[in-house]
Structures are given as structure tokens and as C-alpha cells.
Amino acid sequence: MKFYKQIDLSKIKVLSFDLDNTIYDCQTVLTRAENWFTTYLCERYGLGGKYLSYDYWAAVKSKVLHEDMSLEDDVTLLRAKSLVVAFKEIGIPLKGDLEEANALVKLFVQKRSDGVVADDVRSLMKDLKDKYPLISVSNGNLDAKQLDVASYFETDLRPERFKFHRKPHADLFNECARFKNVAPSEILHIGDDPYTDVFGAVSAGCRCVWLRKGYTGISPDEKFLSVLPDIEIDDILELRQLLL
């Protein structure tokens with residue numbers, strides 16, 4: 001544990017949590033879901049060749065985002081719209097267009113939310129909840145109920161297209177402050193990403209605990225930091241010593 005700034009933890013009134021790669025191993029689950037989804041699409045629609053690689057679907061998604069950057073604030077809609085474009089390119093347009101694409105993406109989100117939160121992390125979250133209001137502040141489309149973590153949080157803040165920009169924009173942090181009627185400086189945000197979590201929280205005026213390299217050690221490291229967090233930890237369980 002490292003302290004980079006002077007911080008009075010007694011003045012913290014709210015804890016905000018990133019979810020993916022902060023309280024569980026998201027990347028393994030996400031990679032497995034992407035591979036499953038690729039195979040499923042190919043089997044369902046009789047595809048082969050380059051379509052058997054997730055790289056094709058990822059490239060289309062990137063192109064669709066580049067053409068409409070507002071979609072970065074709704075990753076579920078982005079994935080659905082990219083499927084519509086991809087199948088038109090392939091030459092077999094989805095019969096139900098966006099409605100069919102949304103149904104497909106729903107299957108993906110189920111697989112993408114099929115993670116496991118360790119018992120010691122669950123115990124930590126329960127104890128933190130007994131002491132602080134907890135708010136989840138996440139960019140992704142994880143189904144928190146399926147992961148069985150929704151009960152820890154008073155609310156689940158996500159980007160909304162044309163309403164709340166994704167982190168590192170201040171929108172979600174500001175909404176967290178508004179929701180709990182506190183100053184941003186009374187929020188301690190915990191997250192793994194140097195850009196979306198650390199830069200985002202600090203820029204919004206919140207205090208920040210950075211989980212260095214994330215839950216499984218694969219998140220971006222300190223060379224991607226542009227501002228310093230208040231505190232750096234190497235293990236999410238260090239929050240017990242810090243806050244309890």
C-alpha cells in the first residue's frame with residue numbers, strides 16, 4: 001500500500017467501485033464470452049473462414065464506433081449495431097435488423113456476466129457496506145445481478161447515450177455525488193484503470209484508490225498514469241486494512 005497524497009479517510013462518506021477487473025476477474029470471462037459468441041454466430045448463421053475469428057467482429061465494432069462516437073456511452077447498443085453492419089457486409093442481413101441483433105447481444109451479455117466473485121471479496125464488500133454507502137460506477141455492460149453483486153450497492157451507475165458520458169468523463173462521478181448529496185471530495189473511488197478510474201476520479205474532484213494492475217495483474221500499469229491516485233494497493237483485500 002502506498003500513499004501519494006495526504007488524505008483524511010474519516011471525511012470519506014461514500015465508496016464508489018469500478019466492477020470489471022476490480023472486484024473479480026473480468027478479462028478471462030470476457031475473452032471466453034467473445035470466443036463463445038464468435039462460435040455461436042458462425043454455427044447459427046453458417047459462417048466460416050475469417051468470421052471464425054473474433055478479430056473480424058471486433059474490427060467491425062471499432063469501425064461502427066469510429067463512425068458514431070456517441071456509442072461509446074452504450075457498449076450494448078454498439079455491439080448490436082456492429083452486428084447489423086457485419087451481417088450486411090457478409091451478405092446475409094439480419095431479418096430482424098436491430099431487434100434480432102439486440103437478442104443476440106443479450107446472449108453475449110449473459111456469457112460476459114458469468115464470472116465468479118471470491119468469497120473473501122464478498123466478505124470484504126459486505127463489511128464495507130455495513131460502514132459506507134457503496135455505489136458501483138462502471139463503463140461496462142456487466143449484469144451485476146447475474147454476478148450476484150448488485151445487493152452490495154445502493155445504485156449502479158453506467159454511461160447512458162446522450163445523458164451520461166463514460167468514465168473518465170466526470171458525469172458518473174458527479175451523478176454519484178448528486179445521488180448521495182455529498183461533495184465529490186467525500187467520495188473515495190476504487191478502480192483498476194489508470195485512465196478511466198484514476199484520471200476520471202481525480203479530474204472529477206473525488207479521492208481515489210488505484211488497484212495497481214487490477215484484480216488479476218493484467219490491467220494497465222503505472223506508465224499509463226497521467227495523475228496520481230491518493231492511494232495505491234496491489235490487492236483489493238487491502239481495503240480491509242485501509243477502511244475497516
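The model is predicted, so local features need pLDDT of at least 70 and side-chain atom pairs pLDDT 80 or more, while totals for chains, interfaces and linings use all residues. Residues are numbered from 1 along each chain as its sequence is written, and side-chain values use heavy atoms, leaving out hydrogens and water.

I start with strand β3, residues 134–137; strands here are DSSP runs of E, at least two residues, and helices are runs of H or I, at least four, numbered from the N terminus. In a regular strand the side chains alternate between the two faces of the sheet. In β3, L134 and S136 lie on one side, I135 and V137 on the other, and all are buried, meaning under 20% relative accessible area with a 1.4 Å probe, protein chains only. Strand β2 (residues 14–17) pairs with β3 in the parallel sense over three bridges; pairing requires at least two DSSP bridges. L15 stands opposite L134. β3 also pairs with β4 (residues 155–157), again parallel and over three bridges, and there V137 has L157 as its bridge partner.

Next, helix α8, residues 194–203. Its buried residues are P194, T196, D197, V198, G200 and A201. They pack against α7 (171–180), β5 (187–191) and β6 (207–211), where contact means heavy atoms within 4.5 Å. Just after α8, G205 takes a positive phi of about 90°.

Last, the pocket. α8 supplies at least two residues of the lining of the largest pocket, as do α1, α2, α3 and α4. The largest share, four residues, comes from α1.

Terms used
Buried < 20%, exposed > 50% of the residue type's maximum accessible area, 1.4 Å probe, protein only.
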